[in-house]
Amino acid sequence: MWWVDWNPLWLSLQIASLSTIVTLVFGTGFSLLLAWRKLPARHLIDAVISAPLVLPPTVLGYYLLVVLGRNSAIGHGWEWLFGTPIVFTFTGAVIAASVGSLPLVVRSIRLGIEAVEPNLVAAARTLGARPVRVVVTVVLPLAAPGLIAGAMLGFARALGDYGATQMLAGARIDGTPTASIFVMDQLLANHEDQVFAMSLATTVVGVAMLYFANRLTHRLHHHRA
């Protein structure tokens, strides 16, 4: 197995890492928004954010192609600014992985935020702290287990993305497939040793992330109880 081409795994790890950063930023914002019980159409917004969990990956990839393709306003604007398209690029792969993993990140972070003791928030407000300062200095630090668990879940989901990534980024990025696409390619080529090695590597990483995320989530549930 030592001669297996590990470049696809390295590419997937890069995509998953950048995707995790993106989803943490947007996921934290969405989680704070959804934690506000007076938010209009709160449940509808939650359903839209969670939609990637139930949509077939190819359907999600199609929507991303329509929204981010070269003929779209976003795709055209991006190409005008940066000189390269979004589709069939590393950037497209990161976006596809981010959109697919965002619901898991939002759910985990939201759980962490809702586990924060309301009295601590009220005490900070009583002492004159502004809402933004309360969020930064009280809510997010106390919700840290949820953020970390969300990051791990998002990373694991992004690492194994296949359908949406292939639709938006293509089967190759600068000549290299992601780990999941590599597995399919090698399976079709009857290279079972390479399939086994890559599958085992991605499984170990994914299971490790899920294990630690589950431990943190369990702590949050225990804290809320």
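What pattern does the chain follow, read along the sequence? The pattern is α-α-α-α-α-α-α-α-α-α-α. This is a predicted model, in which local features need pLDDT of at least 70, side-chain atom pairs count only at pLDDT 80 or more, and totals for chains, interfaces and linings use all residues. Residues are numbered from 1 along each chain as its sequence is written, and side-chain values use heavy atoms, with hydrogens and water left out.

**Figure 1. The whole chain holds 11 helices and zero strands.** Helices (H or I, at least four residues) and strands (E, at least two) are DSSP runs, numbered from the N terminus. Along the principal axes, the C-alpha atoms fill a box of roughly 65 × 40 × 30 Å. Of the 225 residues, 43% are buried. Buried means under 20% relative accessible area, exposed means over 50%, and partly exposed lies in between (1.4 Å probe, protein chains only).

**Figure 2. A nonpolar patch lies on the surface.** Its members are Leu18, Ile21, Val22, Val25 and Phe26. Areas come from the Shrake-Rupley method with a 1.4 Å probe; for residues, only the protein chains shown count as cover. Patch residues have over 30% relative accessible area and no salt bridge; nonpolar side chains (Val, Leu, Ile, Met, Phe, Trp, Tyr) are joined within 5 Å, like charges within 9 Å. Val25 sits in helix H1 (residues 7-34). Val25 counts as exposed because its relative accessibility is 57%.

**Figure 3. Arg110 and Glu114 meet in a salt bridge.** A salt bridge is a side-chain nitrogen of Lys or Arg within 4 Å of a carboxyl oxygen of Asp or Glu. The count by this rule is five. For Arg110 and Glu114, the N to O distance is 3.1 Å. The two are four residues apart in helix H5, so about one helical turn separates them. Arg110 counts as buried at 15% relative accessibility. Glu114 is partly exposed at 29%. A network of salt bridges links Asp46, Arg110 and Glu114.

**Figure 4. Arg172 and Asp185 join a loop to a helix.** Their side chains form a salt bridge of 2.9 Å, N to O. Arg172 lies in the loop between helix H9 (163-169) and helix H10 (179-188), and Asp185 lies in helix H10, so the pair ties together parts that are 13 residues apart in sequence. Arg172 is partly exposed, at 41% relative accessibility. Asp185 is also partly exposed, with a relative accessible area of 23%.

**Figure 5. Asp161 lines the largest cavity and bridges to Arg157.** A cavity is a set of points on a 1 Å grid over the protein atoms alone where a 1.4 Å probe fits but cannot get out; lining residues have an atom within 4 Å of a point. Grid points are joined across faces, edges and corners, and a volume is the space filled by probe spheres set on the points. The count is one cavity of 30 Å³ or more. The largest cavity holds about 40 Å³ of space. Its lining consists of Ser12, Ile15, Ala97, Ala158, Leu159, Asp161, Thr165 and Thr178. H1 and helix H8 (144-159) are the elements that give two or more residues to this lining. In the Arg157 and Asp161 salt bridge, the closest N and O atoms are 3.0 Å apart. Asp161 counts as buried at 4% relative accessibility. Arg157 is partly exposed at 24%.

**Figure 6. Tyr62 and Tyr63 form a tilted aromatic pair.** Rings of Phe, Tyr and Trp (its six-membered ring) pair if their centres lie within 6.5 Å; planes under 30 degrees apart count as stacked, over 60 as edge-to-face and the rest as tilted. The count by this rule is three aromatic pairs. Tyr62 and Tyr63 are 6.0 Å apart centre to centre, with 50 degrees between the planes. Tyr211 and Phe212 form an edge-to-face pair, at 5.2 Å and 75 degrees.

**Figure 7. Ala41 and Phe88 have positive phi values.** Most residues other than glycine have a negative phi. Ala41 has a phi near 55 degrees and is found in the loop between H1 and helix H2 (42-50). Phe88 has a phi of about 60 degrees. Phe88 is in the loop between helix H4 (73-82) and helix H5 (90-114). Phe88 is exposed, with a relative accessible area of 52%.

Technical notes. 1 Å grid on protein atoms, 1.4 Å probe; cavity = no way out; pocket = protein on both sides within 12 Å on 5 of 7 lines; lining within 4 Å.
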